[in-house]
Amino acid sequence: MSAPPDLPAVVERAFEVSRRSGYVSFCRNETGRLLAMLAATRDGTMAEFGTGCGVGTAWLRSGVRGEKARIVTAELDAKLARAATEIFADDPLVEVLAADWSTLLDRGPYSLLLLDSGQPGEVGVDAIADLVEDGGIVVLDDFTPCEQWPPITYGRVDTLREQWLTDERFTAVEVMVAPDASTIIATKR
């Protein structure tokens, strides 16, 4: 097997900033490459709710083509937001906010929205559906693959996954990005 493709420069910067900040919870490369591919299909405003040190946003940025797209991202932890700001300081297409993700509610609708599945109450379909434009894409990462229906996680029905995969406002699919990780991609109808 050959070596994996080189990382985009903006992603390398994001990993370096994350390491210096001591932050180790970030977007996997497999998910990142998927984000870059999806971002390459988008115009308009994209967003990430919960930036961390900006690795997911860097993957989105690596896929942006042209000057029509914009990315806005929010991180509640001020230290992490400052670190993410360092990555994009000279990039007019990316805005990093040191704020709760709810500050992004009035900046949509979004053409692509990246969410972490770790906040089920905040990222349910009903909370997010109106934030995405028709034809817009929602990406929820950090799922553990599940081969049964209804999906079970930690001995319980995974209601977040079930909501996204069955809601009639979206066409959704769960994609394995690695043997131990899956992502839900949902397109608003």
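I began with strand 8 and strand 9 (residues 181-188). Eight bridges join them, and they run antiparallel. I note here that this is a predicted model.

I looked at what lies between these two strands. Strand 8 and strand 9 form a hairpin, with two residues between them.

I found an open sheet of seven strands, ordered 3-2-1-4-5-9-8. The pairing is mixed. Which strands stand at the edges? They are strand 3 (94-98) and strand 8 (170-178). Each has a single partner strand, so one side of each has no neighbour in the sheet. I also looked up the turn between neighbouring strands of this sheet. On average it is 15 degrees, direction ignored.

**Strand 1 and its surroundings**

I moved to strand 1 (residues 45-49). Five bridges join it to strand 2 (residues 70-75), and the two run parallel. I checked Phe49: its bridge partner in strand 2 is Ala74.

What packs on the sheet here? Helix 3 does, and it touches strand 1, strand 2, strand 3 and strand 4 (110-116). Its direction makes about 180 degrees with that of strand 2.

**Aromatic pairs**

I counted aromatic pairs and noted three in the structure. One of them joins Phe49 and Trp101. This pair is stacked, with 4.6 Å centre to centre and 20 degrees between the planes. Where do the two residues lie? Phe49 is in strand 1, and Trp101 is in the loop between strand 3 and strand 4. The pair therefore ties together parts that are 52 residues apart in sequence.

**Helix 2 against helix 3**

Last, I turned to the helices. Two packed helices are described by the angle between their axes and the distance between the axes. I looked up both values. Helix 2 (residues 29-39) and helix 3 (residues 55-63) pack at about 40 degrees, and their axes are 7 Å apart. The two helices are therefore oblique to each other. Their crossing is right-handed.

I listed the residues that make the contact. Helix 2 gives Asn29, Gly32, Arg33, Leu35, Ala36 and Ala39. Helix 3 gives Gly56, Trp59, Leu60, Ser62 and Gly63. I sorted the contact residues by class: five are nonpolar, five polar and one charged.

Methods: Residues numbered from 1 in each chain as written. Predicted model: local features only at pLDDT ≥ 70, side-chain atom pairs only at ≥ 80, totals over all residues. Heavy atoms only, no water. Axes fitted to C-alpha atoms, helices over the stretch in contact; angles between N-to-C directions. Helix = DSSP H or I, 4+ residues; strand = E, 2+ residues; numbered from the N terminus. Parallel < 35°, antiparallel > 145°, perpendicular 65-115°, else oblique. Left-handed = near helix turned anticlockwise from the far one by under 90°. Contact = heavy atoms within 4.5 Å. Nonpolar A, V, L, I, M, F, W, Y, C, P; charged D, E, K, R; others polar. Pairing = 2+ DSSP bridges. Phe/Tyr/Trp six-rings, centres within 6.5 Å; stacked < 30°, edge-to-face > 60°.
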